[in-house]
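Hi,

Here is the structure I promised to pass on.

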Amino acid sequence: MSAEVKLMPLQQAYDDLLNRSLSRIPSELGRLIYLASTREYNTGHYYHQGLADRFGPEAAQKALEIAHRQTFYKVSACSLEDLVEELERYLASTKEEPLECLNAWQKLEPYRIAVPADVNGTVARLFTSNLRLALAILRFRQGQNRQIR
Amino acid sequence: MIGTTGALVAAAALLLLLIAWTRADKALRDLPFGSEAWTSGLEEGAELEACPPEFASQIFSSGDLAYVERLDSRELERQFHHERDGVALLWVRQTSAAVQRIMRRHVEASRRSRDIDFMTEARIFLQYARLRAACALMFVGIGLAGAQGVRGVALYADQLTQRISQVAREFDAGLRAREMKDARPS
């Protein structure tokens with residue numbers, strides 16, 4: 001990122017991202033998935049049309065990158081119990097069939113692409129490990145609910 | 001008689017140590033290094049930073065285990081131990097690698113310095129030795145008692161890592177300031 005990215009547009013772009021886009025997403029995990037989805041797979045660059053139009057592409061890219069890393073560390077620091085709740089909230093918000101989502105997440109592990117570049121290796125491992133556990137716990141709970149019915 | 005008992009106890013302790021080491025080593029090898037590219041840096045010595053301090057208490061926390069135990073599922077408990085012990089072992093490796101790197105840098109800086117304080121150097125070396133011993137203990141301890149069983153040692157190791165980093169950083173900053181002062185034309 002060039003040094004031309006001035007602090008003010010970057011701060012403004014970051015605040016705008018927080019207040020307009022991220023505040024509408026009900027869960028921290030949802031925010032993380034959203035931010036990861038603004039990253040181009042081939043180049044690793046972040047892109048957000050509205051943000052780039054208002055604050056310039058560089059400030060937008062940097063703001064997204066910072067927000068992605070911060071949200072990632074926040075989710076990784078969650079206790080397992082909180083992460084299970086986050087995951088439940090996220091699955092409920094997707095409007096997809098929760099069981100189908102759960103199956104896909106366990107098989108394909110799409111959350112792996114939610115890890116930002118250049119984060120600490122152990123924290124990245126903790127994140128994927130906790131998500132695997134949270135998914136297993138949700139699956140276990142569903143089995144229990146079915147038995148009760 | 002005491003000799004035979006002593007030998008048996010020592011053999012049992014050695015066997016236990018060997019089992020713990022083998023288990024920890026197996027758990028570490030089971031980590032999906034190949035598929036998780038972000039951990040490959042450890043293999044090449046490129047992983048430079050120690051894990052952020054707030055995550056040590058999270059990794060070795062007994063709160064998550066208590067939560068899983070409340071769910072009353074053997075399978076979930078087994079999976080939890082497998083997952084968390086793997087992360088804990090990675091933390092130990094990363095901490096050990098990071099502090100080795102810090103010490104290597106510090107030794108290089110010390111060689112350039114003209115006024116080495118023996119007491120400071122001895123203190124840093126002592127902390128380094130303690131930390132390496134703690135890492136070895138944790139490596140075996142995780143195999144024996146799981147990540148939660150070595151929480152105290154892990155938090156101590158984490159504090160030591162912060163202290164060594166801090167002292168080494170201050171030493172580096174002082175050395176650089178002196179070098180710049182010496183380089184200035186008088």
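A quick definition before the counts: a polar contact here is a pair of N or O atoms within 3.5 Å, and within protein one of them must be able to donate a hydrogen and the other to accept it. On that basis, 9 residue pairs are in polar contact between chain A and chain B, with both residues at pLDDT 80 or more. Bear in mind that this is a predicted model.

H7(A) gives the most, with 16 residues. By class, that side has 13 nonpolar, 9 polar and 5 charged residues. Overall, 27 residues of chain A are in contact with 30 of chain B, and the buried area comes to about 2400 Å², 61% of it from carbon and sulfur atoms.

Now the charged pairs. The interface has 3 salt bridges. One of them joins Arg70(B) to Glu81(A), with the closest N and O atoms 3.4 Å apart. Glu83(B) and Arg125(A) also meet in a salt bridge, at 3.9 Å from N to O. This pair crosses from helix H5 (residues 74-112) of chain B to H7 of chain A, and both residues are buried. Salt bridges with shared partners link Glu109(A), Arg112(A), Arg125(A), Arg132(A) and Glu83(B) into one network.

Within chain A, Lys74(A) forms a salt bridge with Glu28(A) at 3.9 Å. Lys74(A) is in H4 and Glu28(A) in H2 (residues 28-37), so the pair ties together parts 46 residues apart in sequence.

Cheers

How values were computed
Residues numbered from 1 in each chain as written. Chains lettered and ligands numbered in written order. Predicted model: local features only at pLDDT ≥ 70, side-chain atom pairs only at ≥ 80, totals over all residues. Heavy atoms only, no water. Contact = heavy atoms within 4.5 Å. Buried area = accessible area lost by both parts, 1.4 Å probe. Salt bridge = Lys/Arg side-chain N within 4 Å of Asp/Glu carboxyl O. Polar contact = N/O pair within 3.5 Å; in protein donor to acceptor, adjacent residues only side chain to side chain. Helix = DSSP H or I, 4+ residues; strand = E, 2+ residues; numbered from the N terminus. Nonpolar A, V, L, I, M, F, W, Y, C, P; charged D, E, K, R; others polar. Buried < 20%, exposed > 50% of the residue type's maximum accessible area, 1.4 Å probe, protein only.
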